[in-house]
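Could you open the model in your viewer and keep the selection panel at hand? We will walk through it one selection at a time.

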Amino acid sequence: ILVLCGVAGVQSQSFTVDRQMRRYNVPRIVFINKLDRSGANPFRAKDQLREKLHLNPVFLQLPIGLEDKLEGLVDLIEMKGYYFSGPNGEEIAIKDVPADMKADADKWHADMLDALSLHDDELAEAMLEEKVTPDLIRAAIRRQTIALKIAPVMMGSAYKNKGVQLLLDGVVSYLP
């Protein structure tokens with residue numbers, strides 16, 4: 001897992017970790033952390049992954065709120081909202097995507113599918129036939145992550161334990 005700060009983005013140690021991952025052909029999931037801090041911007045961090053580390057980042061999630069308003073995450077595969085509550089974020093409520101985020105979620109979902117279909121004929125064919133399922137998307141993400149074609153991007157706040165559970169699910173689903 002390549003962990004980035006949601007405020008600072010790609011830092012000098014990010015280059016060192018990336019260099020080691022490339023040397024040993026280690027598949028990676030990127031986790032943009034600290035989205036509960038002032039100045040957090042996961043979109044800037046995604047751009048830095050592309051520009052500075054020359055990765056092909058693909059958002060799998062969107063934040064529901066940022067900084068002190070971080071409530072949860074939108075899962076772009078399932079198109080559901082995950083809300084974390086309790087002292088350690090251990091209570092997870094799964095709801096529909098917030099109405100004010102529906103258009104953004106649809107756009108990022110389409111972007112995710114486009115990025116994945118570039119390297120995956122099975123997914124591209126399913127898209128043409130309009131038979132895309134979450135399981136098919138997850139299988140495509142796994143194949144492309146292991147082949148080092150994409151870097152799936154997940155996010156949250158480890159301090160408040162928001163998104164960490166989904167990250168661990170991602171480790172099981174997408175890494176070898």
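The tour goes from a helix to salt bridges and then to pockets.

Before you click, note that this is a predicted model, in which local features need pLDDT of at least 70 and side-chain atom pairs count only at pLDDT 80 or more, while totals for chains, interfaces and linings use all residues. Residues are numbered from 1 along each chain as its sequence is written, and side-chain values use heavy atoms, with hydrogens and water left out.

**Stop 1: helix H3**

Select residues 102-117, which form helix H3. Helices here are DSSP runs of H or I with at least four residues, strands are E runs of at least two, and both are numbered from the N terminus. The 16 residues of H3 reach 22 Å from first C-alpha to last, close to the 22 Å expected at 1.5 Å a residue; the expected span is 1.5 Å times one less than the number of residues.

Which residues of H3 are buried? Colour Ala-105, Trp-108, His-109, Met-112, Leu-113, Ala-115, Leu-116 and Ser-117. Buried means under 20% relative accessible area, exposed over 50%, and partly exposed in between, with a 1.4 Å probe and protein chains only. Now show what covers these residues: among the elements are helix H2 (42-51), strand S5 (72-75), helix H4 (121-128) and helix H5 (134-146).

A salt bridge is a side-chain nitrogen of Lys or Arg within 4 Å of a carboxyl oxygen of Asp or Glu. An α-helix has 3.6 residues a turn, so residues three or four places apart point the same way. Asp-111 is partly exposed at 32% relative accessibility, and Lys-107 is partly exposed at 42%.

**Stop 2: salt bridges between elements**

The model has ten salt bridges by this rule. Select Asp-18 and Arg-28, which form one with 2.3 Å from N to O. Asp-18 sits in helix H1 (residues 12-23) and Arg-28 in the loop between H1 and strand S2 (30-33), so the pair ties together parts ten residues apart in sequence. Are these two buried or exposed? Asp-18 counts as buried at 6% relative accessibility, and Arg-28 counts as buried at 6% too.

Next, pick Arg-143 and Glu-122, a salt bridge with its closest N and O atoms 3.7 Å apart. This pair links helix H5, where Arg-143 lies, with helix H4, where Glu-122 lies, 21 residues apart.

**Stop 3: two pockets**

Where is the largest pocket lined? Select its lining residues, including Leu-60, Asp-75, Tyr-82, Arg-138, Met-154 and Tyr-174. A pocket is an open set of points on a 1 Å grid over the protein atoms alone, where a 1.4 Å probe fits and protein lies on both sides within 12 Å along at least five of seven lines; lining residues have an atom within 4 Å of a point. Its volume, the space filled by probe spheres set on the points (joined across faces, edges and corners), is about 190 Å³. Helix H6 (residues 164-174) gives the largest share of the lining, five residues.

Finish at the second largest pocket, with a volume of about 160 Å³. Of its 14 lining residues, Arg-22, Arg-28, Leu-55, Leu-148 and Lys-149 are the closest to its centre.

Key: Contact means heavy atoms within 4.5 Å.
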